[in-house]
Amino acid sequence: MTRECAALLPGVCAALADPRQPGLDDTCLEKLLDWFRSLTWFDPTVELVQDNPCLTELISSVLALPKPSPSILSFTLQLAGILAASENRFQHLQQEKLLGRLFGQDGPRGRAVWEDASVRSGWVKGVHSMVHHQPALHFLCSGGGLDVIFALQGDPSLFVASAASQLLVHLLTFSVESETSKPLSTKDCEWPACAQMIKKHMEDSLQSGSASHVEQSLKLLTSLFGSCYAAWTEVLWSDIAKQIESFLMEETVQAQHMLANLLLNVARSPAFCDTEGSCWALVTSALEHLTPVQACPLAVGLLKLCKCPQDVRIQALTVLLQPMDCILRAASQPLEYAGLLDESVSDPVTVESLLSSKTSCAGLLCQTLAHLEKLLSLKHLRVDLPYVSLLRSLVTILQFCNGLLSPASPLGSTISQNLINCFRVQKSALDVLAALSEKKGCDTLMGSLFDVLLAYLESPNTSPTVLKKAFQATSKWLVLLQELSCSNSQCQQTEKILEDVFVVLQKRLCSPCWEVRDSSLEFLTAMIKCLRDQDGFRQCLLSSEVPRLTENLLEDPESYVRASAVTAVGHLAFVTYFAPESPVAGNQYNKENTLAKLQEILSTDSEGFPRRAVISIFTKWLREGCTGQLEDTEQFVSRVIETVEHDLDWEVRLGGLELVEVFCSQTICQLGLSECPYAPVSSAEPSCTPQNQLLRVFCQAKLFGFLFRSLCDCDKPVGQRACDILIGLRGNFYPVSTLENPQEVEDSPAGRGIAWLQRTLRQGSLAQNFPRDGGDGVDFQDPESMMVALGAIDLLELHDELNKSSDHMEESPQSLLQDILATMGTIEENEVDCY
């Protein structure tokens, strides 16, 4: 603890213990506790409490109050627990007879203030902090503390109940690992006293027949097996496994919904790594006896486990796929296709009844589809999914939802009625459909797949959110279709599908709903990104009305649509006038007209989203070398900079800096400097050196004025990016050892202006009236002056300042103590470092 903090602490403690003072907010108290945790973390000695007697005085004073504030009492309990976490400090507090009055029978748990949940929470947290050594554990157990914690497991406050459960896990683990002389390896091993009490409480609760007690113990066990992987947990499991199994068999037990998480944590634990272990039989039984909704999360968790036995993994996959199998079997009568599964783990009638119910059908399918999407995203799945049958099942679900299928079976008719226009299921199914596009073997169903997708894209009943998902799935499958058409005779089918897609897209771009127009533009951009090099795609695109309609949307009344239109037009340019040769006759696209429209949006649009989109597209064009030769590019960059440096949106200004960075990098490469050793350039050297050319280009493009002004931007990310660029540029002109001497700079012709610039930059965002070119003797377009500026200004110091957290001063312990004193009104206003 610093001397300054030690001087402030007595005043803070006195203020906290004074009932006449206004209460502090919980945030200040939590910060104060965090400070004490950091003080005690690496220092177990007793000096902290001996050298600061105000801490024990605070505890005594709060305990002496007839009606202490619940928040201050809670703080005191937690503070005492933090201090008592060290055995030395624990003994000191015991000698002061404080711990019994806090955590024992004489403490707040027997007073009216105990009714406040914050006090009970503070008691639990204080005990949790304290019990990290044997004396504290014995103190708790001998004073009846365990019974209090057992009771708090059922506390009406969920925060208190959860904290009590976590505390019991800590106590059980600490007791076993600190009090056992030899490892617990068999059922006959003797458990330590504290661990034995907790273990017996769990076993009694599990057998009590009380739903609430059973749930409390299951939560405790789930947390234990999820956090502790010691070998002794297997001994504990062997003692309770029979009782857990009985819950699976009894349909009346309400706690079945908690068993999946418990069993999954047991299966994950390294203590049960033996594939012949006792847990796997119980896991198999759970997959069979839990309801499909309960078993699904367990099944997915098992499929992600590396060490899960293969037979259990196959069983888990069967549970997960059962609803999809039922959908396929219900779709036609007699069966046109086989289902996904050869046999079921549990009774198929259970799944059929859930899908037949209006209330449970959508929920079960959404859960199943969400799990399937997660599995499909895994790089290494240790079981083979039947991709083709799964795709067929998805197509069937989407047909049911859109009324495209009239099944002959009674079950299929019921499911179809339950799913008609069900947006939730449509969105989930389309997500899985998109994920399946990356899997092999699904190309046999292309025809029916695109029939369904096009039906969704065309239907007026498709909601905007579902349409967005349908567009995303379509773009992914179009990429796969294009790849297939290149390798076989599917070109005609591909061309027909593309034509149909563009017909639909033309209609959707004219939709009165802005979300639909926006999704349509995003879909167009996604297609161009993936397919712009394909002749068939370019032919279909340019022979449609899509390019014209897209340009029209640059004037859309909705800013999100304008932004998407900017992005789409920017990518269209790669097909229309940046392509080596256009696949259609005649040039109906005017590059200058499009560029003028985008520059107008950048300079005049009232919303930030379109302007951000323009600067992003300009940067992309520049990065891909589409802005002409160096002189043209220089003028282009200069015009963009002049516009964006005055923009009120910091993201636009940041985008301008990214454009500058790309331009600098490309220019350096073009002038052959990217791999050269750098040397300082003096005025005596010939003007045609690459470094001089580089400086001249950057000055003519007005880069330096923009970069140096950005260092003082009121939005820190802009200043940070500008500083990074300037440091990178300086490396092209100065080796580290040859930076300018400050005294020599003062004596140079540009020295006075550069010195002024250095002082201005140190003011950062507080700098007022930052000079235009030529102000105060600083000419940002003069290569010689900018050369001196790069070498003389301490950019690394600026970099450190810009990267400091804004709260690096305000969050210091000293500042916190001063703020507390100021809030409590105990010091003058001018003494406080307030924020």
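**Notebook: salt bridges, cysteines and core**

I began with Lys 496 and Asp 500, whose side chains meet in a salt bridge of 2.8 Å, N to O. For this term I required a side-chain nitrogen of Lys or Arg within 4 Å of a carboxyl oxygen of Asp or Glu. The model is a predicted one, in which local features need pLDDT of at least 70 and side-chain atom pairs count only at pLDDT 80 or more, whereas totals for chains, interfaces and linings use all residues. Residues are numbered from 1 along each chain as its sequence is written, and side-chain values use heavy atoms, with hydrogens and water left out.

**Entry 1**

I located Lys 496 and Asp 500 in helix H26 (residues 491–509), where four residues, about one turn of the helix, separate them. Helices here are DSSP runs of H or I with at least four residues, strands are runs of E with at least two, and numbering starts at the N terminus. I then looked up exposure, with buried meaning under 20% relative accessible area, exposed over 50%, and partly exposed in between (1.4 Å probe, protein chains only). Lys 496 has a relative accessible area of 46% and so counts as partly exposed. Asp 500 is also partly exposed, because its value is 24%.

I next examined Lys 200, which forms a salt bridge with Asp 204, the closest N and O atoms lying 2.7 Å apart. Both residues belong to helix H12 (residues 193–206) and are four residues apart, about one turn of the helix. Lys 200 is partly exposed at 46% relative accessibility, and Asp 204 is partly exposed at 37%.

**Entry 2: a pair between distant parts of the chain**

I found the side chains of Asp 713 and Arg 653 joined in a salt bridge at 2.7 Å, N to O. This pair links distant parts of the chain, 60 residues apart: Arg 653 lies in helix H34 (residues 650–670), and Asp 713 in the loop between helix H36 (703–710) and helix H37 (716–730). Both Asp 713 and Arg 653 are buried. I also noted one network, in which salt bridges with shared partners join Lys 199, Glu 203 and Asp 239. My count of salt bridges by the stated rule is 26.

**Entry 3: cysteines**

I searched for disulfides, meaning pairs of cysteine sulfur atoms within 2.5 Å, and the structure holds zero. Cys 361 is in no disulfide, and the nearest cysteine sulfur, that of Cys 422, is 7.5 Å away. Cys 361 is buried, since its relative accessible area is 0%. Cys 669, at 46% relative accessibility, is partly exposed.

**Entry 4: the chain and its core**

I recorded 42 helices and zero strands in the chain. Of its 835 residues, 53% count as buried. The accessible surface, from the Shrake-Rupley method with a 1.4 Å probe, comes to about 37,900 Å², and carbon and sulfur atoms hold 50% of that area.

I took a contact as heavy atoms within 4.5 Å. Among contacts with a separation of 6 or more, 71% involve residues 24 or more positions apart.

I defined a nonpolar core as buried Ala, Val, Leu, Ile, Met, Phe, Trp, Tyr and Cys residues joined through side-chain atoms within 4.5 Å. The largest such core has 281 residues, and those with the most contacts inside it are Trp 123, Trp 237, Leu 302, Trp 621 and Phe 708. Helix H18 (residues 310–331) supplies the largest share of this core, 11 residues.
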